[in-house]
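Okay, hi everyone, thanks for coming.

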Protein chains: 2
Amino acid sequence: MQTYFDCFPCFIDQALRAGRMATDDERKIKRLLDEVGMMLKDIRLESTPPETARLIYQKVKKITGKSDPYRKIKKENTAKALTLYPSLKRTVEASSDRLLAAIRLAVAGNVMDFGASKDFDIEAEINEIFQRKFAILDSTEFREYLDKSEEVLFIADNAGECVFDRLLIEEMKKRVTYVVRGVPVVNDATYEDAVQAGLDKVALIMPSGTDAPGTILATCSQEFRRIYDRSSFIISKGQGNYEALCDEKRPIFFFLKAKCEVIAKDVGVNQGDIVLKAINV
Amino acid sequence: MQTYFDCFPCFIDQALRAGRMATDDERKIKRLLDEVGMMLKDIRLESTPPETARLIYQKVKKITGKSDPYRKIKKENTAKALTLYPSLKRTVEASSDRLLAAIRLAVAGNVMDFGASKDFDIEAEINEIFQRKFAILDSTEFREYLDKSEEVLFIADNAGECVFDRLLIEEMKKRVTYVVRGVPVVNDATYEDAVQAGLDKVALIMPSGTDAPGTILATCSQEFRRIYDRSSFIISKGQGNYEALCDEKRPIFFFLKAKCEVIAKDVGVNQGDIVLKAINV
């Protein structure tokens, strides 16, 4: 997805939030805002937003010296999600359409992104999303690809959300490669987060190698690229991965909540809508 | 009021909105965002936000060549407000406390700021605000100053809002100098807007001379400064004037709706709250 003008204020906002998460030193935060401000002129509208966000989070690390400011919150969020796991599992098991229930929960898990929204209440939002109508629900295509595929490449988004992904993976009953970020970036899931969420029990966890908050292929490892290139059934969670992969030519199923207006417009839905959108199927 | 870090994303957002109002040329909008991005490093946190906003709107004019992009909308808003005038006047006249009703309407008029909020519905919001509790209501002090003063310096905010100010001025029954911006800046009221709203019938309209979206005294005319310096009863409408004048030493009554979190925090209220706050009384 291209960068829109509306992404520009959001870049400054992202820098501010990440900077505040990393440090209380106002001089460092000011320096971060100054430097990100100066970056704006170098943003090409043809680039994807995570390409710019990647540079912003690199600056946060460089200026604050903190390589993983979201560590504690990620750990807490995963722990919180794990306490929900037994009741979520029962919800899936009690459903007449277990796969659809697991799909719903996988999208509901995407609301746990404290990188994009300022306030969130996990349990209330899960319940609400579980009832909500999908603006796009390509579940027929999803079932078709699930039936004909032996393997699934599952690209994760935030920590915490991994627990919800686990429920879907358990229902899919396929060989799953679960892809996480190569290094910590915002609250995105890394290897450590996926293991904490128990994904090692149901999938092969693999870092993509990227340090961007989205799977920008050019920044991923050769090993991941090889696996990606031969995948015929890819699940992609969240906005950052959508922004990085929505113009790709492989069959990809995007699970996301459209948290910002720009992405909602690009997807063709309203802000706040939830979608399971398939491309190239 | 100082500049807070949260003002930084908002500066970019203001530039974007003003740029879009002035032109459809994406290259010009990009250039504007680039240049405003580069400005961030020069912002001193001790400066007031309108000082930066002033530079932003100067850039919008320079890059787009449009000196008054809000002209049409301002005119329409004033015309719309004028259609409401008779019923608003009846509301005041039917009130047991006419002055308080006019105070309420003067604050309600402040919601007409399409510079700060993206969506607005005037009539619904007027009715809602008319019922709403003020978070701060220094009306006792206001009545006291009104009783002991012969003259009032009334600093206007947005066009359209002038019609609501007129209702208050009519109730105050004092000699009022009604202060507008020196040149067009966003949707703020200029001489032309005030005349359209009929303020020339109830007050002496005077431009402050500033080209900022707030009464930054250093940017005002000598003539205005002289009148300001001898005023002992000042009414200031809206956020921009609050930001520019809240640390002044004269008796000022701020009428505003706290549209953003930063100002709400500075005033000591919640975002969305309405206030009539007196200082130095």
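This is a predicted model: local features need pLDDT of at least 70, side-chain atom pairs count only at pLDDT 80 or more; totals for chains, interfaces and linings use all residues.

Chain A has 12 helices and seven strands. Along the principal axes, the C-alpha atoms fill a box of roughly 55 × 40 × 35 Å. The radius of gyration is 18 Å, and that agrees with a compact globule, because a globule of 281 residues would come out near 19 Å. As for burial, 48% of the 281 residues are buried. And if you take the contacts with a separation of 6 or more, 72% of them are between residues 24 or more positions apart.

Okay, on to the strands. Strand β2(A), residues 151-155, runs parallel to β3(A), and five bridges join the two. If you want a spot to look at, find A:Ile155, which stands opposite A:Val179 in β3(A). Helix α8(A), residues 161-172, belongs with this pair: β2(A), α8(A) and β3(A) make a right-handed β-α-β unit.

What does β3(A) pair with over four bridges? That's β4(A), again in the parallel sense. Here the pair to look for is A:Val180 and its bridge partner A:Pro207 in β4(A). To get from β3(A) to β4(A), the chain crosses through α9(A), and that β-α-β crossover is right-handed too.

Now the single residues. A:Val202 sits in the loop between α9(A), residues 191-196, and β4(A), residues 204-207. Beyond its neighbours within four places in sequence, A:Val202 is in contact with A:Arg166, A:Ile169, A:Glu170 and A:Val176. There's also A:Arg175, 27 residues away from A:Val202 in sequence, with 8.4 Å between their C-alpha atoms.

Next, A:Val186, in the loop between β3(A) and α9(A). This one has a positive phi of about 40 degrees, although it is not a glycine. A:Val186 counts as buried, because it has 26 C-beta neighbours inside 10 Å.

Last one, A:Asn280, in the segment after β7(A), residues 274-279. A:Asn280 is another non-glycine with a positive phi, this time about 60 degrees. It has 10 other C-beta atoms within 10 Å, so A:Asn280 is exposed.

That's what I have, so let's go to questions.

Note on methods
Residues are numbered from 1 along each chain as its sequence is written. Chains are lettered from A and ligands numbered from 1 in the order in which they are written. The radius of gyration is taken over C-alpha atoms; the globule rule is 2.2 Å times the number of residues to the power 0.38. A residue is buried if 20 or more other C-beta atoms lie within 10 Å of its own, exposed if 12 or fewer, and partly exposed in between; C-beta atoms are placed from the backbone. Two residues are in contact if their C-beta atoms, placed from the backbone, lie within 7 Å. Two strands pair if DSSP finds at least two bridges between them. A crossover is right-handed if, with the strands pointing away from the viewer, the path from the first strand over the helix to the second runs clockwise.
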